[in-house]
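Subject: Structure for you to look at, with notes

Dear colleague,

Here is the structure that I promised to pass on to you. Please open it beside this message, and read the notes below with the structure in view.

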Amino acid sequence: MTDLWQNAMDHAVALARKAGSVSVCLSFCLFIGEESVAAGEPCVLTDNPTWIVDPVDGTTNFVHGYPFVAVSIGFAVNRKLEFGVVYSCIEDKMYTARKGQGAFCNGQLLNVSDQKEISQSIIATEFGSNRDTEVVDKIFSSMRKILCLPIHGIRGVGTAATNMCLVASGCVEAYYEIGIHCWDIAAGAIIVTEAGGVLMDVDGGPLDLMSRRVVAANNKIIAERIVKEIDAFTPLRDDASTETED
Ligand SMILES: O=P([O-])([O-])O[C@@H]1[C@H](O)[C@H](O)[C@@H](O)[C@H](O)[C@H]1O
Ligand SMILES: [Mg+2]
């Protein structure tokens, strides 16, 4: 019998390797990756061309055989995303977006939902991995307030990258989370905007890729409505120990 998970892992490894080898050819490019940062490499976004990679987004899913796992590869120049690729391995869905050229899933153009009524919306979010009770209380409090607006429902597939692609696909109106990392959302961010969506911080300001806070939505009306209900907190920034002057 085919080993589904081995196939998924082979895809993830092949994609990550490809990104790595292109990165080596383009030696002027910098690299931010979940594993490289865990190994002590810097996590700093400069104006230089930079790969922002999560080889396995949805690690807990992967470990438990919960069937949503994605490879997430973003590429930024001058701190702005140029393109993003999210491969949802088990679903075999390849999401791509190039700045100014639209977003696609397996070659099909993506468009966000045109819903403007929060009461008719599905919102994606995650419980996250922080088990500090104050943080958990804020997460539950935000979810409770949003659910009781009311909305149609709350969903979350356990990978930030895929949640963002679901916004781009029009399946959910918005996704928000506090505690994600830049490699979880970089590729998804450009996929959302190229599908016609908006990005912002959980306080309504501009998205800061390093702040570990994100709202991605089909439009500003839905995004700003959610922002009003989020009990925001401020995790340690991704670039906290590596901030530079430029
Ligand atoms: O650790 P990982 O599986 O790569 O990434 C995690 C997933 O995207 C998860 O959905 C989100 O809730 C976490 O905040 C992320 O850290
Ligand atoms: Mg991840």
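Before we come to the strands, one term is needed: two strands are said to pair if DSSP finds at least two bridges between them. Please also keep in mind that what you have is a predicted model.

In general, the strands of a sheet pair through backbone hydrogen bonds, and they may do so in the parallel or the antiparallel sense.

These two strands belong to an open sheet of seven, whose order is β1-β2-β3-β4-β5-β6-β7 and whose pairing is mixed. Because β1 (30–33) and β7 (108–109) stand at the edges with a single partner strand each, one side of each of them is left without a neighbour in the sheet.

Helix α5, residues 160–169, lies across β2 (50–57), β3 (70–77), β4, β5 and β6 (103–105), and it runs at about 100° to β4. Helix α6, residues 182–194, packs on the sheet as well, touching β1, β2, β3, β4, β5 and β6, and its direction makes about 100° with that of β4.

The next point comes from a record and should be read with care: an unreviewed UniProt entry lists E34, D54, D57 and D184 under "binding site". Although these residues are spread over 151 residues of sequence, they cluster in space, the largest C-alpha distance being 9.3 Å.

Two of these residues can be followed further. D57 has its place in strand β2, and it counts as buried because 33 C-beta neighbours lie inside 10 Å. Leaving aside neighbours within four places in sequence, D57 is in contact with A70, S72, T159, A160, A161 and D184. D184, for its part, lies in helix α6, and with 27 C-beta neighbours inside 10 Å it also counts as buried. When residues up to four places away in sequence are not counted, D184 touches D54, D57, S72, A160 and A161.

Elsewhere in the chain, strand β10, residues 174–178, is mostly covered, since five of its five residues are buried. A174, Y176 and I178 point one way from β10, while Y175 and E177 point the other way. Strand β8, residues 122–124, runs parallel to β10 and is joined to it by two bridges, with A174 in β10 as the bridge partner of I123. Strand β12, residues 213–217, runs antiparallel to β10, and five bridges join the two; here the bridge partner of Y175 is A216 in β12.

Finally, is K138 buried, exposed or partly exposed? K138 is found in helix α4, residues 133–147, and it is partly exposed because 17 other C-beta atoms lie within 10 Å, where 20 or more would have made it buried and 12 or fewer exposed. Apart from neighbours within four places in sequence, K138 is in contact with D231 and F233.

With best wishes

Methods: Residues numbered from 1 in each chain as written. Chains lettered and ligands numbered in written order. Predicted model: local features only at pLDDT ≥ 70, side-chain atom pairs only at ≥ 80, totals over all residues. Helix = DSSP H or I, 4+ residues; strand = E, 2+ residues; numbered from the N terminus. Contact = placed C-beta atoms within 7 Å. Axes fitted to C-alpha atoms, helices over the stretch in contact; angles between N-to-C directions. UniProt positions renumbered as here; feature names shortened; annotations may be inferred.
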